[in-house]
Amino acid sequence: MYDSELKILIDKAIGGDSDAFSALICRVQNKAYSIAFRYMNSDYDARDMMQESFIKMYRNLDKFNFESAFDTWYFRILINCCLDELRKRKNKESYSLDIIPDGKDEPMAVDIPDESPGPEAELISKERQKLVREAILALPEDHRNIIILRELEQLSYDEIGQTLDLDPGTVKSRLSRARQKLKQIILEQNPDIRV
């Protein structure tokens with residue numbers, strides 16, 4: 001979308017046009033969910049962070065000045081929402097609860113066709129994913145941000161720089177250090193694994 005078209009959409013959304021605001025949301029929502037899920041590690045929490053970030057985006061639309069891409073401006077808002085929530089939870093215990101439909105004593109069962117690999121391959125894959133996810137969460141915040149945006153979301157160095165307000169050269173050096181730290185964490189937690 002050209003800057004002039006985007007400016008018209010933003011101006012309309014600021015003026016209260018819900019269709020224009022919906023168009024802005026549509027522009028970012030798929031990648032937003034992916035980013036939020038990588039930070040929050042939960043569908044429910046990812047959607048909650050998206051809702052919160054859309055509210056903040058709406059409240060701050062008049063502050064968007066076209067110095068960066070609209071998407072990266074919004075992703076910075078989303079990432080800040082996720083990081084704020086994670087900081088709030090840091091010292092709190094959390095429990096996972098099954099969703100129980102009203103009036104029933106047991107969780108709802110859903111039949112979904114299984115097109116996945118065999119149980120052994122799936123178990124190995126899930127264990128690896130869990131190991132990497134836990135290692136990413138154990139990274140310091142600046143390293144975690146770089147790894148998520150580059151390795152998982154495939155953003156360019158420039159996009160990461162705009163999102164995190166960093167020079168592309170700084171992004172590259174932090175990414176290198178973050179990869180080393182991630183490898184170190186994985187090896188410390190799992191000395192038998194090859195990375």
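Where does Phe 66 lie? I began with this residue in the predicted model, and I found Phe 66 in the loop between H3 and H4.

**Entry on Phe 66.** I looked up the backbone of Phe 66 and noted a positive phi of about 65°, although this residue is not a glycine. I kept in mind that most residues other than glycine have a negative phi.

**Entry on Asn 41.** I turned to another loop, the one between helix H2 (18-40) and helix H3 (43-60), where Asn 41 has its place. I read a phi near 60° for Asn 41, again a positive value in a residue other than glycine. I recorded a relative accessible area of 34% for Asn 41, and this residue is therefore down in my notes as partly exposed.

**Entry on H7.** Which residues of helix H7 (residues 157-164) are buried? I listed Ile 160, Gly 161, Thr 163 and Leu 164. I asked how they are placed around the axis, and because they cover an arc of only 165°, I put them on the same side of H7. I next looked up what covers these buried residues of H7, and I noted that the cover includes helix H4 (70-89), helix H6 (141-152) and helix H8 (168-189).

How values were computed: Residues numbered from 1 in each chain as written. Predicted model: local features only at pLDDT ≥ 70, side-chain atom pairs only at ≥ 80, totals over all residues. Heavy atoms only, no water. Buried < 20%, exposed > 50% of the residue type's maximum accessible area, 1.4 Å probe, protein only. Helix = DSSP H or I, 4+ residues; strand = E, 2+ residues; numbered from the N terminus. Arc of directions from axis to C-beta. Contact = heavy atoms within 4.5 Å.
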